[in-house]
Amino acid sequence: MSQIINGKEIGQKIREEVQTRVATLKTQGVTPGLAVILVGENPASKTYVANKQKSCEAIGMHSALIKLAEDVSQEALLAEIAKLNQDDAIHGILVQLPLPNHIDEDAVIGAITPAKDVDGFSPVSVGKMMLGQDTFLPCTPYGIMKLLAYSGIEVAGKHAVIVGRSHIVGKPMGQLLLNEDATVTYTHSKTVNLPYYTKQADIIIAAVGRPNFITAEHVKEGAVVIDVGINRNEQNKLCGDVDFKAVEGIASHITPVPGGVGPMTITMLLDNTVKAAENTVK
Ligand code: NDP
C-alpha cells in the first residue's frame with residue numbers, strides 16, 4: 001500500500017510556524033498584510049479568495065479585498081495595483097486569475113512591485129527562481145517541495161516527470177525540482193507516448209486538469225505520485241488527475257484529492273506574505 005501524503009497535516013504544521021513569525025513581526029510593530037484583487041463574479045474565484053482571506057485572519061494577518069466589476073478597465077485595475085504598491089500596510093498583492101478577456105494578464109502581473117509579488121508570477125520572480133536566487137516561489141510548486149521534504153522524500157538524483165507545463169504549476173515545478181538536483185522531464189499535450197516517460201519516473205507530478213488521467217499504466221512500482229489536479233468527475237465529485245484507486249497500490253507515496261496539494265497552496269501564500277513583511281524590517 002502507498003503511503004498517503006497528508007497535505008492538511010503538513011500544511012497545518014507550516015501554518016503554526018508562520019503564525020509564530022506573524023506574532024514576532026507584531027512585536028516589531030508590523031502586521032503582515034495581503035491585498036487580494038478580485039475582478040468579476042467567477043464563483044470559483046470568489047471561493048478561493050474567501051478562503052485566502054479567512055486563512056490570513058486565522059493567523060493574525062491583515063487582509064484587504066479589492067472587488068472590481070467584470071467590465072473594469074485595465075487602466076483602473078493598474079491604478080489599484082499602483083496604489084497597493086505604495087501602501088505600507090500591504091506586504092503582498094495577489095490578483096485572482098483568470099481575468100476577463102479584455103485585460104492583459106501579463107501587464108497586470110508585471111505591474112505588481114517584485115517586493116510584493118507573493119504569488120511569484122512576475123517576470124522578475126520567475127527569473128530569480130530560474131537563477132536559484134532568493135525570491136517568492138509560486139505557491140503550488142513551492143508547497144509541493146514542502147510536501148516532499150516533510151515526507152522525507154529525497155529529490156537529488158531522482159528522475160521527476162512533470163505532466164503539464166503551465167506557467168503557474170508545471171513549468172515552475174520542474175525548475176524547483178531541477179534547483180534541488182532532480183533530473184527533470186517535461187511532458188504536455190503534444191508529448192507522444194506519455195506512459196513511456198512517466199513509467200521511468202521516480203517522481204510524477206500530474207498537473208493536467210483531467211479527471212483520473214494518470215492510471216496504473218503510467219506509474220512505475222515505488223514511484224512518488226503528486227496529484228495537483230482539482231477536477232469534478234461525472235458524479236460532480238471533487239477528484240484529481242490521478243486514478244487514485246488504480247495507482248494507490250503501485251506508488252510508494254501518493255497525495256489524495258482533496259487533502260493533498262490543495263491545502264499547501266494557501267499555506268505557502270501566507271508564508272510568502274510573511275516573508276515580504278519580514279523583508280521590510282530587515
Ligand atoms: P493548465 O490548463 O494551464 O495546463 C494544463 C497542462 O496540461 C498544459 O500544459 C497541457 O499541455 C497539459 N495537458 C493537457 N492535456 C494533456 C495530455 N493529454 N497529455 C499531457 N499533458 C496534457 O492547468 P494548470 O496547470 O493551471 O492546472 C492543472 C490542474 O491543477 C487543474 O486541475 C487545476 O485546477 C489544478 N490546480 C490546482 C492547484 C492546487 O492548489 N491544488 C493550483 C493550480 C492548479 P499544453 O501546454 O500542451 O496545452
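**View 1. Ser73, a loop residue in a predicted model.** Let's start in the loop between strand 3 (62-68) and helix 3 (74-86), where Ser73 lies; keep in mind that this is a predicted model. Ser73 counts as exposed because it has 12 C-beta neighbours inside 10 Å. Look for His102 as well: it is 29 residues from Ser73 along the chain, yet 8.2 Å separates the two C-alpha atoms.

**View 2. Helix 6 and its surroundings.** Helix 6 (residues 139-150) is made of twelve residues. From first C-alpha to last, helix 6 reaches 16 Å, close to the 16 Å expected at 1.5 Å a residue. Its buried residues include Cys139, Pro141, Tyr142, Leu147 and Leu148. Among the elements that cover the buried residues of helix 6 are helix 1 (7-27), helix 7 (170-179) and helix 10 (262-281). Just after helix 6, you can find Gly152, with a positive phi of about 70°.

View 3. Are they buried or exposed? Gly164 counts as buried because 24 C-beta neighbours fall inside 10 Å, while Ser166, with 15, counts as partly exposed. Beyond its neighbours within four places in sequence, Gly164 is in contact with residues including His188 and Val208; on that basis, Ser166 is in contact with Lys171 and Ala207.

**View 4. Around the ligand.** Of the 24 residues around the ligand, Gly164, Ser166, Ser189, Gly209 and Thr265 come nearest. The shell has nine nonpolar, 13 polar and two charged residues. In the unreviewed UniProt entry, the annotation "binding site" covers Gly164, Arg165, Ser166 and Ile230.

Conventions:
Residues numbered from 1 in each chain as written. Predicted model: local features only at pLDDT ≥ 70, side-chain atom pairs only at ≥ 80, totals over all residues. Near = placed C-beta within 6 Å. Nonpolar A, V, L, I, M, F, W, Y, C, P; charged D, E, K, R; others polar. Helix = DSSP H or I, 4+ residues; strand = E, 2+ residues; numbered from the N terminus. Buried ≥ 20, exposed ≤ 12 C-beta atoms within 10 Å, placed from the backbone. Expected span 1.5 Å × (residues − 1). Contact = placed C-beta atoms within 7 Å. UniProt positions renumbered as here; feature names shortened; annotations may be inferred.
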